[in-house]
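Biologist: Can you take me through this model in plain words? I am new to reading these.

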Amino acid sequence: MNTPILETHSLGRDFKLPRASVTAKQQLRHAVVDVNISINAGDRLGIVGESGSGKTTLAKLLLHLDQPTSGSVNFMGQKLQSADMGDFRRQVQIIFQDPRSSLDPRMIVEQIIREPLECLNFNQNHQARIDEVMQQVELDFVIQSRYPHELSGGQRQRVAIARALAAKPSVLVADEPVSALDVLVREEVLQLLNRLIEQLGLTLVLISHDLSVIAQLCDKVVVMQNGRIIESGATQSVFGNPQHQFTRQLIAAVPQLPTLK
Amino acid sequence: MKFLEVNKLTIKFGDKTVVNNLSFDLAAGDRFGVIGESGSGKTMIALAIIGLLPDSASFSGSIRLDGEELLSLGDKQMSAFRGSKVSMVFQEPLTALNPLMRVGKQITQPLRNHNRLSARECLARAIELCASVGLPDPEQTVRAYPHQLSGGQRQRVGLAIAIACNPKLLIVDEPTTALDVTVQREVLQTINELVKQHSTALIFISHDLPVVSTMVETIAVMQSGNCVEQASMSALFDQPQHEYSKRIVDLARATQNRFTTFTTKATS
Amino acid sequence: MNQNRNLFFGLIMVGFSAATALLSVLWTPYDPLEINPDVSLAKPSWSHLLGTDVLGRDVLSNLLVGSRTTLITAFLVVIITMALGVTAGISTALLPKRVGRAAIYAIDIVLALPAVLFAIVLAAIYGPSTFTAVIAIGVATSAAVAQVTRREVTVILNSDYVVAARACNSSKTRIVLRHILPNIRASLFVQASGAAAIAILAESTLSYLGLGTTPPAPSWGRMLASSQQYLIIDPIVALWPGLAIIVTVLGFNLLGDGLRESLDPTLRKSRS
């Protein structure tokens, strides 16, 4: 495909800071500054950065859950407009970091997964699709009638994945999908994501501060600092041969196991 | 007699056993790690030692610190220990500090409780402590409120509070989990230096094996309240005995390998 | 229920008031309005269980009928307060920034004015009655409910699961019905019982001031007011309406606490 599926042009997002006093000048926090990304179908892009680097803001902008103050986001060559989001929403879905807060505590799993099917007017049998996607994320059918607080962290995250995949999107944006999980569960969920992305031919945008997670899932990476992209390229070359000072710092800071020295 | 002797410690909440029959020893200046997932009981161990278990917990066994039996002490007696002999750094720097109190005052609270210093001496000591934990511009920082500091800085304040009275035992519970990886590295370095300088015994609790491995010599692996393995770090990596330990060691290795293949490919 | 003492006692106390109100529809020992100067300020006896007031009216009968006024007032006020307050709370949370801010200021103004002021205004226009008291209290109390609701709704709107709903193109209406209302339900129950307690006290106050239920209709507040003049002679006459108010208000407060306890912990229970 020639047209990138998702693209940003000089994307910028500023936030107004609380005024110091009534007469003081309005200060701005530049959360995202002049970001240019091009994502082709089938890409697996990682967005690396520390807290405050702007990566979550960028994710929300990519999903049109927030409006840019400058620049634009294009989907399939068309600029994203607030009107007529139906098709875009069906194609691009998100998984959040904290499985405790990303699932409505008052809904059972079956209702949680049904929601995107209803809102996006999914044109096949909803219950059949729910069953199908539960199988894909390797969850027992009995889980459908449980509430989120009755599930473990790993199970909740699988439900979040199932919800994202329910309407058959082509792009998956994952914001720190495993950071809140324990180490062993983390591995299981990452492998599940890997499998699903392969099987379903999804395009992945993965946001994380954890370099090893990015290394596991992404073939391309951009590094963000203070709202700007300071380095980008194939994961291998960025991690193997970091050019920017900050990238080198990030890589050096990963704790090393003693015996492997 | 060792500095810290934990013997057959069992902690229960009603019918649920969160720590089962745990025993380990520490000599003065030793560094001990406790690794386990959430729900494995690792935080409960720390709370038991420092005497902050919730009222609904029932416990049995013994914890002897410098010969004194901690589990039989009342809250008043325990508070003489807390801060002066044993102190703790918690996971969440945001919630562990009082948002309405200046940082310097919070640091000197243990000093006022235990050492009875004058206000001027306290201020001087607070500035000194801020410097030793690596906080920039100590004179200004002591006047700051927690929300004005970054996560890493807050955690350093937590450290300063913990070491204010030169405790013989420092317990840190997931001190860097909420921090960025570059900040984590610095904070861990700071903990390392402090512990070495004052020959403080250290108990480091975490779920992250690579992080713990850089900080301690001996480690206990917790799973669902049971200590499934206790060994030196090198023994754990070379020959993990228990199934669970094997899995986490293998996983840590695999993750590391995946990462280093990038870095080695560049140099080759 | 065994462990939830607040709920238990709250239900008993409120239930008791409700029972007396129902009873009063069917039977009262005497006609509460029947004046009998011969037995003015009689002590409690077998013929008048709680004694009589200065005009010889049976206190018990007045108390029973008065409970009707009290509970109906509480009921109507809660409906008005919750309907106005929740609607205002949700809509101001959903409105775009500038409009929302103006609406919030408006609510703050209403909040600042006491119910008594509204009651005076309404009484001046329409003459005092239980009805004007109900409207005045309902509107005044709704402002607080609107504020609390707005804050809670804002928190929910920022939560990940609502963002996820927006990400699958959910309409605002759907988000309100499916996500917001179920998640503020517990809080609404608590606020409603609080509003009921406030309503009873407020109605009593307004009747006391002559701005609520007009004589001769029995009302606990007015009973309290009229007994004031005779406190030195016969303090017991003031005791009964006072006690009735205390028990009912306490009952609603306990009920609210009990409901909150029973509705929330189930959500806090987590396995891992």
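Biologist: What should I know before reading any numbers?

Modeller: This is a predicted model, in which local features need pLDDT of at least 70, side-chain atom pairs count only at pLDDT 80 or more, and totals for chains, interfaces and linings use all residues. Residues are numbered from 1 along each chain as its sequence is written, while chains are lettered from A and ligands numbered from 1 in the order in which they are written.

Biologist: What ipTM and pTM does the predictor give the complex?

Modeller: The ipTM is 0.87 and the pTM is 0.82.

Biologist: And what is the mean pLDDT of chain A?

Modeller: The mean is 89, and 98% of the residues of chain A reach 70 or more. pLDDT is the predictor's confidence in each residue, from 0 to 100. Among the elements of chain A, the lowest mean, 84, belongs to strand 6 (residues 78–79), and the highest, 94, to strand 8 (residues 171–175).

Biologist: How many helices and strands does chain A have?

Modeller: Chain A has nine helices and 11 strands. Helices (H or I, at least four residues) and strands (E, at least two) are DSSP runs, numbered from the N terminus.

Biologist: How does the radius of gyration of chain A compare with that of a compact globule?

Modeller: A compact globule with 261 residues would have a radius of gyration near 18 Å, and chain A has 19 Å, which agrees. The radius is taken over C-alpha atoms, and the globule rule is 2.2 Å times the number of residues to the power 0.38. Along the principal axes, the C-alpha atoms of chain A fill a box of roughly 55 × 55 × 45 Å.

Biologist: In what order do the six strands of the open sheet in chain A run?

Modeller: The order is 7-8-9-4-10-11, with mixed pairing. The edge strands, strand 7 (92–95) and strand 11 (228–234) of chain A, each pair on one side only. Neighbouring strands of this sheet are turned by 15° against each other on average, direction ignored. Two strands count as paired if DSSP finds at least two bridges between them.

Biologist: Strand 10 and strand 11 of chain A: parallel or antiparallel?

Modeller: Strand 10 (residues 220–225) and strand 11 of chain A pair in the antiparallel sense, over six bridges. Met224(A) has Ile229(A), in strand 11 of chain A, as its bridge partner.

Biologist: Which strands does helix 5 of chain A touch?

Modeller: Helix 5 (residues 153–165) of chain A packs on the sheet and touches strand 7 and strand 8 of chain A. The direction of helix 5 makes about 170° with that of strand 7 of chain A. Axes are lines fitted to C-alpha atoms, for helices over the stretch in contact, and angles run from 0 to 180 degrees between N-to-C directions.

Biologist: Now the neighbours. How many residues of chain A are in contact with chain C?

Modeller: 25 residues of chain A are in contact with 20 residues of chain C. Contact means that the C-beta atoms of two residues, placed from the backbone, lie within 7 Å. On the side of chain A that touches chain C, the largest share, three residues, comes from helix 3 of chain A.

Biologist: And which helix of chain B gives the largest share to the side that touches chain A?

Modeller: Helix 11 of chain B does, with 13 residues. In total, 28 residues of chain B are in contact with 26 residues of chain A.

Biologist: What about strand 1 of chain B: how many bridges join it to strand 2 of chain B?

Modeller: Seven bridges join strand 1 (residues 4–13) to strand 2 (residues 16–26) of chain B, and the two run antiparallel. Their hairpin has two residues between the strands, and Gly14(B) takes a positive phi near 65° there. Strand 1 of chain B is also joined to strand 4 (residues 57–65) of chain B, antiparallel, by eight bridges.

Biologist: Last topic: how many helices and strands does chain C have?

Modeller: Chain C has 10 helices and zero strands. The axes of helix 2 (residues 59–94) and helix 5 (residues 130–157) of chain C come within 5 Å and cross at roughly 35°.

Biologist: Where in chain C is confidence lowest?

Modeller: Confidence is lowest in helix 10 (residues 265–268) of chain C, at a mean of 48. Over residues 267–272 of chain C the pLDDT is below 50.
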